[in-house]
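Dear colleague,

Please find below the structure that I am handing over to you. My notes on it follow directly after.

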Amino acid sequence: MEVMLHKLPFSLLRFFRRLFIAATLVAVTVLAGCGDSAYSEGPGQEPPGGLGLVWEAWEKINASYVSSEALDFETAASGAMSRVLGLIDVEPYPFLTDVGRMRGQPPSDVPGELVDLWRAVAKYRSSNPDFDPDTIAEAAISGLVAGLGDSSAVFLDATQYPLAKESLEGGIEGTYLGIGSRVVSQDGQIILFPFAGSPAESAGVLPGDVLFAVGGNSVIGQAVEEVVGQVAGPKGTKIELEVVRAGEPAPVVLEVFRGDIELQSVASQLTPGGIAYLRISRFRDNTGEQVFSALEALNRFDLLALVLDIRTNPGGSSEAAKTTAGQFLPGGSVFGYVEDGDGGRSELTIDLDEDRLDLDDLLIAVLVNDQTAREAEALAAALQDTGRATLFGTNTFGDASAYEFVELSDGSAMYLPVSRRYTPSGKLLERTGLTPDVLVQSIPEAEGFGGESQFNRAYEFLDGQLPPFR
């Protein structure tokens with residue numbers, strides 16, 4: 001039955017008007033709550049699909065984030081808003097203007113800096129009730145982390161996090177289980193390059209052998225990842241490889257035993273004039289031992305000076321970096337300081353090592369560049385700060401922070417800086433990086449032993465400090 005409101009008595013019109021206003025207020029409250037029950041229930045009662053993960057992430061950023069610069073709440077919140085608006089494909093204006101006009105009390109667990117984000121999602125949900133709040137939550141957290149302004153900080157969802165953690169931890173492990181060969185895909189073929197002393201080399205694999213089959217199954221046309229998966233297996237077991245070799249009429253069949261393969265991060269060479277070259281590509285768990293072995297071998301000759309090359313070294317194991325410093329600094333020396341979010345500072349000292357080589361008189365030049373980062377940067381700072389070495393090259397990466405994974409309740413995580421690094425003299429490793437004692441750009445040079453300017457300047461410097469007749 002159709003009801004004509006203009007024919008109703010005034011008292012009934014007033015009743016309907018009040019009913020309409022009450023219903024509207026309820027609707028606004030529900031929409032402003034964005035489906036969260038915290039406006040009517042206590043914190044932590046948010047139903048599945050809400051933005052509780054965002055508030056959790058914000059709380060953990062507040063508790064964990066420690067960098068050379070203070071946390072900028074406004075910029076981080078803006079990063080979250082920007083990422084969410086990009087996801088839902090909404091122009092900031094007039095959308096944000098409408099958000100600013102919204103009323104309604106946010107749930108008590110919504111951080112004050114993120115109230116506008118909460119309202120923006122509420123407004124979007126009012127016209128898109130089937131939206132995916134989990135996707136929006138992940139976008140918001142990703143934006144929060146991006147808003148920190150730290151290129152190394154990142155948000156990883158529940159699928160990405162385990163893979164990233166495994167990759168990071170594997171990056172500093174000194175060994176891995178395999179046959180010990182580099183595997184390269186080239187022109188549709190899988191080519192093997194065995195490491196020196198590896199099971200693959202012992203079994204007769206030669207550099208440049210083309211892998212034809214694994215365990216009797218052809219690998220032609222397969223990707224490197226597929227082949228590596230087939231070669232993998234328990235330690236001590238063997239795998240049959242068929243390789244095509246230049247000069248051989250038929251594939252060569254080899255049996256290779258799987259074993260622990262030591263990853264090399266150190267290379268060394270003795271150059272003319274008693275000056276050695278030592279290159280550290282990154283710091284793995286076994287890098288300290290490899291540095292000791294390399295120096296021990298070089299010291300058997302007339303070792304007078306050393307060019308230590310840590311250019312494009314991304315860091316890695318902090319213990320390995322400290323152990324390496326212990327080859328050049330006496331036990332008990334300060335390697336640096338680490339400061340947590342509460343301002344508590346702990347001293348990092350070089351361990352006493354009875355087997356340490358006597359290299360106190362060894363002249364050292366350290367090569368650095370803009371990719372010398374984190375633990376490599378800390379090593380360079382310790383050697384420069386104590387006057388133990390002269391730095392050559394360009395400003396280092398500039399990263400004062402130590403990073404860790406900060407886990408969230410849904411299995412995702414944020415990779416955040418959680419402490420600051422200081423040099424032995426108490427200087428903060430700022431984002432401008434370390435300034436070398438001798439600024440040198442790397443350019444090719446026809447003259448000189450190294451064929452490159454940074455090494456040549458370091459070599460010339462050391463050569464000039466040594467006796468002319470030696």
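The model is a predicted one, in which local features need pLDDT of at least 70 and side-chain atom pairs count only at pLDDT 80 or more, while totals for chains, interfaces and linings use all residues. Residues are numbered from 1 along each chain as its sequence is written, and side-chain values use heavy atoms, with hydrogens and water left out.

Helices (H or I, at least four residues) and strands (E, at least two) are DSSP runs, numbered from the N terminus. The axes of α3 (residues 73-88) and α5 (residues 115-127) lie 10 Å apart at an angle of about 15° (lines fitted to C-alpha atoms over the stretch in contact, with angles from 0 to 180 degrees between N-to-C directions). The two helices are therefore roughly parallel to each other (angles under 35 degrees). Ala80, Met81, Val84 and Ile88 of α3 meet Asp116, Leu117, Ala120, Val121 and Tyr124 of α5 in this contact (heavy atoms within 4.5 Å).

Elsewhere, six strands form an open sheet with mixed pairing, in the order β10-β11-β12-β15-β16-β19 (two strands pair if DSSP finds at least two bridges between them). Strands β12 (residues 305-309) and β15 (residues 363-368) pair in the parallel sense over five bridges, and alanine 305 has leucine 363 in β15 as its bridge partner. Helix α10 (residues 287-298) packs on the sheet and touches β10, β11 (275-280) and β12.

Yours sincerely

How values were computed. Parallel < 35°, antiparallel > 145°, perpendicular 65-115°, else oblique.
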